[in-house]
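Here is a short briefing for a first look at this structure. Keep the sequence and the 3D view side by side as you read.

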Amino acid sequence: MYDTLARRTAEQVHAAYVQRVEAARSDARLTEEHRRRLLAFAYVTTRDRLKTLAAEHTAEVDAERLRLQQSVFGHPADPDALRSALSSATTTIQTREQAEQALRRSSRTNDDVGALAVFNIAAEHGWTSVTKDYLAKRPDAAAADAALRAHERAGADVNEKLFGPLKFPSLPPELSKHRNHLEQLASEAGEPSPGSPFLPIASR
């Protein structure tokens, strides 16, 4: 999983949602109609808040992925030199053997930019013998590559996708027959008083 501020906030939003649902169910003073309105208000405001948090989470995750990719495959000190080396290497390297030879030549001539260009091409083609050779001689690049791979593995967490806190909450059974007009019910709940458990978490 990706640990972002948005995800941590979503955990709090889910916990608050459970409290809001229980508060509506346990208040004996409420009519069933008013209870449904409060439940709809809790659900709709939580759902909408989670939509926003999911977008913030995705943006943070994507930004971190790009940062890691640039640290592995980029050359911030001289991007133009890397672009030129990539253009040249792309036309001359067509096989794994050619990539291995080009990497040896770059290492022999202390051509770090040329070696990085070969590494980029090898990674795109899946020539692992070449990428492993490149990383084995460059500890900083290897650490960056390991961080990128860890980041990518975190995105493959099935449990997080199915049950993570950024998923929408469960619809209360009391609203199962009203799912087509939840927004209307929520708007009829009235404005909660300050400090009310029915206020969205960010508004208390």
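Glutamate 22 counts as partly exposed, at 42% relative accessibility. Its side chain meets that of arginine 25 in a salt bridge, 3.5 Å from N to O. The model is a predicted one. A search of the whole structure finds 19 salt bridges.

- Arginine 25 and glutamate 22 both lie in helix H1, which covers residues 5–26.
- They sit three residues apart, about one turn of the helix.
- Arginine 25 is partly exposed, with a relative accessible area of 34%.

- Arginine 36 and glutamate 33 join their side chains in a salt bridge of 2.6 Å, N to O.
- Because arginine 36 and glutamate 33 are three residues apart in helix H2 (residues 32–73), about one helical turn separates them.
- Arginine 36 is partly exposed at 22% relative accessible area, and glutamate 33 is partly exposed at 29%.
- A network of salt bridges links Glu33, Arg36, Arg37 and Glu188.
- Another salt bridge is formed by the side chains of arginine 67 and glutamate 64, at 2.8 Å from N to O.
- Arginine 67 and glutamate 64 are also in helix H2, three residues apart, so about one helical turn lies between them.
- Arginine 67 has a relative accessible area of 44% and is partly exposed.
- Glutamate 64, at 29%, is partly exposed.

- Glutamate 160 is found in helix H8, residues 158–163.
- Is glutamate 160 buried or exposed? Its relative accessibility is 19%, so glutamate 160 counts as buried, the cut-off being under 20%.
- Glutamate 160 is in contact with Met1, Arg7 and Pro165, leaving aside neighbours within four places in sequence.
- Phenylalanine 163 lies in helix H8 too.
- Phenylalanine 163 counts as exposed because its relative accessibility is 65%, and exposed means over 50%.
- Val158, Leu162 and Phe163 make a nonpolar surface patch of about 340 Å².

- Threonine 131 belongs to helix H6, which spans residues 128–136.
- Threonine 131 is buried, with a relative accessible area of 10%.
- Which residues does threonine 131 touch, not counting those up to four places away in sequence? They are Phe119, Ala122 and Ala123.

Methods
Residues are numbered from 1 along each chain as its sequence is written. This is a predicted model: local features need pLDDT of at least 70, side-chain atom pairs count only at pLDDT 80 or more; totals for chains, interfaces and linings use all residues. Side-chain values use heavy atoms; hydrogens and water are left out. Helices (H or I, at least four residues) and strands (E, at least two) are DSSP runs, numbered from the N terminus. Buried means under 20% relative accessible area, exposed over 50%, partly exposed in between (1.4 Å probe, protein chains only). Contact means heavy atoms within 4.5 Å. Patches are made of residues with over 30% relative accessible area and no salt bridge: like charges are joined within 9 Å, nonpolar side chains (Val, Leu, Ile, Met, Phe, Trp, Tyr) within 5 Å. Accessible areas come from the Shrake-Rupley method with a 1.4 Å probe; for residues, only the protein chains shown count as cover. A salt bridge is a side-chain nitrogen of Lys or Arg within 4 Å of a carboxyl oxygen of Asp or Glu.
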